[in-house]
Amino acid sequence: MLHDFMPGTEEQLASGMTTGYIGFDPTASSLHIGNLATIMLLVHLQRAGHKPIALVGGATGMIGDPSGKSAERNLLDEATLQANQAGIRKQLEKFLDFNCGENAAEIVNNYDWFKEFSFLGFLREVGKHLTVNYMMAKDSVKKRISADEEGNRAEGLSFTEFSYQLIQGYDFYHLYKNKNVRLQMGASDQWGNITTGTELIRRMDDGKAFALVGKLVTKADGTKFGKSEGGNVWLDPAYTSPYKFYQFWLNLSDEEAEKLIKVYTLLPQDEIERLTEEHKQAPHLRVLQKALAKDVTIRVHSEEDYKSAVDASEILFGKGDLETLKGLKEDVLLSVFEGVPQIEVSRNNYEGAATVSDLLSDVTGGHIFESKGEAKRMIKNGGVSINRQKIQGTEEPVNYELLQEKYLVVQKGKKNYFLVSVN
C-alpha cells in the first residue's frame with residue numbers, strides 16, 4: 001500500500017503513539033471505494049497503536065481540490081455540506097474505533113476553525129509564509145496551467161483552487177498545534193498538498209511534521225479506481241446496492257484482485273498468499289475475487305447483505321430455487337434482473353389468463369413468445385420455468401406465487417430471463 005513518506009516518518013512512528021490524520025472532502029453524502037483505500041491507512045495506523053483523526057473538510061469542500069481534476073468543481077452550499085458530513089461520519093464509524101481509550105479515533109471539521117478566520121487575517125498570518133514559486137511548483141498546479149504535449153492550452157486555475165493547498169496546509173498546522181498531530185496521510189496525488197502542510201509547520205512554528213502517502217489505486221488502464229460503468233461505487237447502499245457492490249469486486253480481473261485484496265482487507269499475509277496460490281491453480285473458480293468481495297461487503301454492509309448478494313448472484317447462473325428467490329428483497333431482485341427485459345401486465349389480465357401458454361404469449365404481449373404454439377413447443381421440450389419451477393404442461397393453470405406479491409421470473413432456455421411485473 002505504501003507509496004512514499006518523508007525522511008524521519010518511521011522513527012516518529014517507532015517513538016510512541018503518534019496522531020495522524022487524513023482529510024475527506026464532503027462533496028457527496030457518501031464516500032466511495034476510492035476513499036476506502038485511504039480509510040484503510042487510518043485503520044492500519046490505529047491497529048498499530050496510533051491515534052487516527054478523520055478531517056471532514058466543511059471549509060475546503062466549499063472550494064474544491066485541483067489535484068487530479070481537469071476542471072473546477074461546482075461549489076456546494078452549507079446545508080448540503082452539513083448533510084454530506086453527517087453521512088461520511090456514519091460511514092467512518094464502521095471502520096475506526098471511536099471508543100478505545102487513548103488512541104480512539106476522532107472526527108474534526110475544518111469549518112470549525114475557518115468560519116471565524118477573516119480573509120485579511122489569513123493572508124497576514126498564513127499566506128506570507130509560502131512563496132508563489134513554491135506553490136506553483138506543485139504537480140497539481142502545474143498540470144492545470146501548462147499546455148499538454150500536443151500544445152493544447154491548459155484549462156487554467158482559479159485563485160480559489162490555487163489557494164486550496166494553503167488552506168489544507170493550515171489544517172495540518174492547526175491540528176499540529178491543537179491536537180498534537182504529527183502525521184498527515186492520503187493517496188499519492190495528495191503529496192503536494194500534504195508537504196505544503198509540513199513546510200508551513202516548519203516556517204510558522206519551527207516544528208517538524210511528517211507525510212506518508214499510499215499508492216493511488218488505479219484500474220488496469222491507469223484511471224482512478226472506484227468507478228463502474230454506472231459511475232462511482234459508493235459505500236452507501238442507497239447509491240450502490242449491496243448486490244451491485246458485491247458484483248463489482250467479483251468482476252475484477254485476476255491481476256486487480258491479487259493487488260487489491262492486500263489493500264482492502266485485513267486478511268493476514270499468509271492467508272492472502274494461500275488464496276493467491278489456490279486461485280492460480282483454478283482461476284475459473286475466482287477464489288481471490290470471492291474472498292475479497294466477501295470481506296469488503298461484510299465490513300461495508302453486513303453479513304446478511306453479503307449472503308443475500310451471494311444468493312442473488314447464484315440465480316443468474318442457474319442455481320437457487322423458489323425459496324432463494326422469495327428470500328430476495330425487492331431492491332435486490334430488481335438489481336439482479338436490471339439488464340433483462342421487464343414486462344408489465346395488469347392484474348386483471350394476469351388473473352384472467354386461462355393457461356400458462358396464454359400468459360407467456362398473448363398476456364405478456366408477445367415479448368416472451370410471439371405465439372401460443374411457440375410457447376407450447378418449448379414447454380413440451382422442458383425449456384421454460386417460472387420462479388425456478390419448471391413448467392410441466394402447456395395447459396397448466398396460472399396460480400404462481402408472485403415474488404414480493406408482484407413479480408414473476410420467467411426463464412426461457414438456459415440464458416433468457418424476463419421479469420414480469422403484475423400491477
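An open sheet of mixed pairing is formed by 5 strands in the order β9-β13-β12-β10-β11, where strands are DSSP runs of E of at least two residues, numbered from the N terminus, and two strands pair if DSSP finds at least two bridges between them. Strands β9 (342-345) and β11 (389-390) stand at the edges with a single partner strand each, so one side of each is left without a neighbour in the sheet. The model is predicted, with pLDDT of at least 70 required for local features and 80 or more for side-chain atom pairs, whereas totals for chains, interfaces and linings use all residues. Residues are numbered from 1 along each chain as its sequence is written, and side-chain values use heavy atoms, with hydrogens and water left out.

Strand β9 pairs with β13 (residues 416-422) in the parallel sense over 4 bridges, and Gln342 stands opposite Leu419 in β13.

Aromatic pairs, defined by ring centres of Phe, Tyr or Trp (its six-membered ring) within 6.5 Å and classed as stacked with planes under 30 degrees apart, edge-to-face over 60 and tilted for the rest, number 14 in the structure. The ring centres of Phe117 and Phe122 lie 5.5 Å apart with their planes at 80°, so this pair is edge-to-face. Phe117 and Phe122 are both buried (under 20% relative accessible area, with a 1.4 Å probe and protein chains only), and they belong to one aromatic cluster together with Phe114, Tyr170 and Tyr173.

The charged end of Lys412 sits over the ring of Phe369, 4.8 Å from its centre, the criterion being NZ of Lys or CZ of Arg within 6 Å of the ring centre and within 35 degrees of the ring normal. Arg203 lies over the face of Tyr134, at 5.8 Å from the ring centre.

Terms used
Buried means under 20% relative accessible area, exposed over 50%, partly exposed in between (1.4 Å probe, protein chains only).
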